[in-house]
Amino acid sequence: MASDSTVTCPHCMNAVPWGARVCRGCHAEITYGTPRGVAILFTVLCVIVGWYVTKLVHDNLSTNSTLLWTVFGVVFLICALVFGRGCTRFYAGKTMFRRFYRK
């Protein structure tokens, strides 16, 4: 996004410059890009896929632990790169506003 663009805060409807971390009107925290929960979910998914492929290699090809760790690492890295690029493209330009109401 361009540096001179703005986003509208859904809580107070103020125009907030792109890149700001806090809304000037209501003090809502602003985050950009992939949400933390989605990143954690995809990390767990990469571990599961790596484990499954490693188990297939163990059951059908070899029981060499060095080979199995290498297979796990390569599969994990490929999944992480694919999911990372997908998240970067899907969440590009997304903003999330989070307001904490304190008593």
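This is a predicted model: local features need pLDDT of at least 70, side-chain atom pairs count only at pLDDT 80 or more; totals for chains, interfaces and linings use all residues.
The secondary structure of the protein chain consists of 2 helices and 4 strands. Read from the N terminus, the elements follow the order β-β-β-α-α-β. The radius of gyration is 21 Å, well over the 13 Å that the globule rule gives for 103 residues, so the protein chain is more spread out than a compact globule. The C-alpha trace spans about 60 × 35 × 15 Å along its principal axes. Among contacts in the protein chain with a separation of 6 or more, 50% are between residues 24 or more positions apart.

Of the 103 residues, 22% count as buried. In soluble globular proteins, nonpolar side chains tend to be buried together. In this model, the largest nonpolar core has 9 residues: V7, C9, V16, A20, C23, C26, A28, I30 and F97. One of these, V7, touches N14, A15, V16, W18, T95 and F97 when residues up to four places away in sequence are not counted. A second core, separate and made of 6 residues, includes V57, L68, V71 and C79.

The accessible surface of the protein chain amounts to about 7700 Å², and carbon and sulfur atoms account for 64% of this area. V44 lies in helix α1, which covers residues 36-60. The relative accessible area of V44 is 45%, so this residue is classed as partly exposed.

Notes
Residues are numbered from 1 along each chain as its sequence is written. Side-chain values use heavy atoms; hydrogens and water are left out. A nonpolar core is a set of buried Ala, Val, Leu, Ile, Met, Phe, Trp, Tyr and Cys residues joined through side-chain atoms within 4.5 Å. Buried means under 20% relative accessible area, exposed over 50%, partly exposed in between (1.4 Å probe, protein chains only). Contact means heavy atoms within 4.5 Å. The radius of gyration is taken over C-alpha atoms; the globule rule is 2.2 Å times the number of residues to the power 0.38. Accessible areas come from the Shrake-Rupley method with a 1.4 Å probe; for residues, only the protein chains shown count as cover.
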